[in-house]
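Please keep the structure in view while reading, and find each residue as it is named.

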Amino acid sequence: MSKLWKILIYPGIVLVIIGAFTWAPLEPRVLKEYTRVFYFHVPVAWICVVFFFMAAYYSFMYLRTKDLLYDAYAQISNELGILFAILATVTGSIWAKVTWGSFWNWDPRQTSIFILLLIYGAYFSLRSAVEQEDRKARLSPVYSLLAFVTVPFFIFIVPRIYFSLHPDPVINTQGKIHLEFRQRIVFFSSLFFHTLLYFWLFKVRKAQVKLQMLLRLHEENKLLEE
């Protein structure tokens, strides 16, 4: 199965990069060469939300079952979620430089994702501050669930309540993104292969966590035998 992931992901991401830089047409008025950022900014932002959702799901499962494996899965989901949130912020700031004249403008979308990074950064601060494993496992899932409640608010609601210079209206003056045929193929291919990348990364981290837990149990059993 792992070979299948690699067969699909590696050529797929390469083709998306080639398509974005050589095949898909550019937006001619404002973005021009920076149109290519669109094919990577949107997928990483989407995966960021998916990871935070999965973290909330596994947090709920831990509170329901008290299985520490679910708490570990929630932790790695939040780790990967905040990684992709940072990537979304960086790619978005490149776009901001072109459309707004500077990398950071405290636009509603930039402010929202900045607050979201602080919220999820506090999740890891909480985990590192609590030493007792059982107490850490009780507090972290509750915080993770509460943190996810803010995700739809900051990602989807706040930027649409307040006026934003986000490039949606730059691509299309009516405020809707109408993609040319080749742009559409590259964009949805990027979304698909980045989603596969998400599943593969999560699969690798899950295997790592399981191995760590098995090693810990083995060491604990050895100590008991001695």
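In this predicted model, the largest nonpolar core has 32 residues, and the members that touch the most other members are Phe51, Phe52, Tyr120, Val151, Tyr198 and Phe202. At least two residues of this core come from each of the helices α2 (38–65), α3 (68–100), α4 (108–129), α5 and α7 (181–225), and α2 supplies the largest share, which is ten residues.

**Inside the cores**
- Phe202, one of the core members with the most contacts to other members, is in contact with Phe51, Tyr58, Tyr73, Ile76, Ser77 and Leu80 when its neighbours within four places in sequence are left aside.
- There is also a second, separate core, which is made of eight residues and has Ala24, Phe38, Tyr39 and Phe187 among them.

**The overall fold**
- Of the 226 residues in the protein, 42% are buried.
- When contacts between residues at least 6 apart in sequence are considered, 77% of them join residues that are at least 24 apart.

- Thr150 is placed in helix α5, which covers residues 133–161.
- A polar atom of the Thr150 side chain lies 2.5 Å from the backbone oxygen of Ala147.
- If residues up to four places away in sequence are not counted, Thr150 touches Leu116 and Ile119.
- Thr150 and Ser112 are 38 residues apart along the chain, and their C-alpha atoms are separated by 9.8 Å.

**The surface and its nonpolar patch**
- The accessible surface of the protein comes to about 13000 Å², and 68% of that surface belongs to carbon and sulfur atoms.
- A nonpolar patch on the surface is formed by Tyr34, Ile86, Val90, Ile94, Phe103, Trp104, Trp106, Phe114 and Leu118, which together have about 850 Å² of accessible area.
- Helices α3 and α4 each supply at least two residues of the patch, and α3 gives the most, with three residues.

How values were computed: Residues are numbered from 1 along each chain as its sequence is written. This is a predicted model: local features need pLDDT of at least 70, side-chain atom pairs count only at pLDDT 80 or more; totals for chains, interfaces and linings use all residues. Side-chain values use heavy atoms; hydrogens and water are left out. Helices (H or I, at least four residues) and strands (E, at least two) are DSSP runs, numbered from the N terminus. Contact means heavy atoms within 4.5 Å. A polar contact is a pair of N or O atoms within 3.5 Å; within protein, one must be able to donate a hydrogen and the other to accept it, and residues adjacent in sequence count only if both atoms are side-chain atoms. A nonpolar core is a set of buried Ala, Val, Leu, Ile, Met, Phe, Trp, Tyr and Cys residues joined through side-chain atoms within 4.5 Å. Buried means under 20% relative accessible area, exposed over 50%, partly exposed in between (1.4 Å probe, protein chains only). Accessible areas come from the Shrake-Rupley method with a 1.4 Å probe; for residues, only the protein chains shown count as cover. Patches are made of residues with over 30% relative accessible area and no salt bridge: like charges are joined within 9 Å, nonpolar side chains (Val, Leu, Ile, Met, Phe, Trp, Tyr) within 5 Å. A salt bridge is a side-chain nitrogen of Lys or Arg within 4 Å of a carboxyl oxygen of Asp or Glu.
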